[in-house]
Amino acid sequence: MDTKLGSLKIPPASLPVFPVVFIMILAPVYDHLIIPFARRVTNTEMGITHLQRIGIGLFLSIISMAVAALVEIKRKRVATDSGLLDSTAPLPITFFWIALQYLFLGSADLFTLAGLLEFFFTEAPSSMRSLATSLSWASLAMGYYLSSVIVSIVNNVTGNSGHSPWLSGYTINRYHLDRFYWLMCVLSTLNFLHYLFWAMRYKYRSAGAGASK
């Protein structure tokens, strides 16, 4: 993709900074617009419960994977139309298309991590608050580890029977990233439904925390 921003060329390895930038932009919006609006709508002090925040984050992660799949389809279409499927040259498409999925991914992180930290801090016993809040970061680390496992499993499964693995090829244009993103979208949906099953049955320790549940 074309990573030029005017006369400046953005290194591809720096693109993951987008979620951080979006979180920095969305955090004030979250605190000063979304939460006050939710408080007025629900007539509660919290506005949105901890579990609802986590649920919103998980739902946004589904959207981010769907957007990533659609952007990848568009990127490969540009590569095909330009005759650059087997070329390592940059495609005539701006890298800002990738920012769309990072926008939803950053929003998902904002809601999910904030909800997790608040949930563990308020719902865990006082003697276990430090341990409980650390679990949110431990779950994030576990997610990064499992992502590598999923990539290996997908390549092993899709590479059987003489087929080309989804995440392997001479160039990234020969990858099947769109299929992988759709797979992640399905897995994220199943994860969201599994979360809803348990979240809807959870009883808050304090009545105020679950007033708008």
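1. Helices and strands are taken here as DSSP runs, a helix being H or I over at least four residues and a strand being E over at least two, with both numbered from the N terminus. Over residues 54–73 the chain is 100% helix and 0% strand, with end C-alpha atoms 29 Å apart. The model is a predicted one, in which local features need pLDDT of at least 70 and side-chain atom pairs count only at pLDDT 80 or more, while totals for chains, interfaces and linings use all residues. Residues are numbered from 1 along each chain as its sequence is written, and side-chain values use heavy atoms, with hydrogens and water left out.

2. As to the overall layout, the protein chain has five helices and two strands, which run β-β-α-α-α-α-α from the N terminus on. Its C-alpha atoms fill a box of roughly 60 × 45 × 30 Å along the principal axes. Of the 213 residues, 38% count as buried, where buried means under 20% relative accessible area, exposed over 50% and partly exposed in between, with a 1.4 Å probe and protein chains only.

3. The unreviewed UniProt entry carries the annotation "transmembrane region" for residues 13–33, 54–73, 93–119, 131–154 and 180–198; such annotations may be inferred rather than shown by experiment, and the positions are given in the numbering used here, with feature names shortened. One of these spans, residues 180–198, is 100% helix and 0% strand in the model, and its end C-alpha atoms lie 27 Å apart.

4. Helix H2 covers residues 50–81, and at 1.5 Å a residue its 32 residues should span 46 Å, which agrees with the 47 Å between its end C-alpha atoms; the expected span is 1.5 Å times one less than the number of residues. H2 is followed by Gly-83, whose phi is positive, near 70°.

5. Three salt bridges are counted, each being a side-chain nitrogen of Lys or Arg within 4 Å of a carboxyl oxygen of Asp or Glu. One of them joins Arg-53 and Glu-118 at 2.6 Å, N to O, and because Arg-53 lies in helix H2 and Glu-118 in helix H3 (residues 96–123), the pair ties together parts that are 65 residues apart in sequence. Arg-53 is buried, at 6% relative accessible area, whereas Glu-118 is partly exposed at 29%.

6. Another salt bridge is formed by Arg-75 and Glu-72, with the closest N and O atoms 2.9 Å apart. These two residues are three apart in helix H2 and so are separated by about one helical turn; Arg-75 is buried at 6% relative accessible area, and Glu-72 also counts as buried at 6%.

7. A further salt bridge pairs Arg-174 with Asp-86, the closest N and O atoms being 2.8 Å apart. The pair links distant parts of the chain, 88 residues apart, with Arg-174 in the loop between helix H4 (129–158) and helix H5 (177–199) and Asp-86 in the loop between H2 and H3.

8. Eight aromatic pairs are counted, the rings of Phe, Tyr and Trp (its six-membered ring) being paired if their centres lie within 6.5 Å, with planes under 30 degrees apart called stacked, over 60 edge-to-face and the rest tilted. Among them, Phe-180 and Tyr-181 form a tilted pair, 6.4 Å centre to centre and 55° between the planes, and both residues are buried. The rings of Phe-197 and Trp-198 have centres 5.0 Å apart and planes at 90°, so this pair is edge-to-face.
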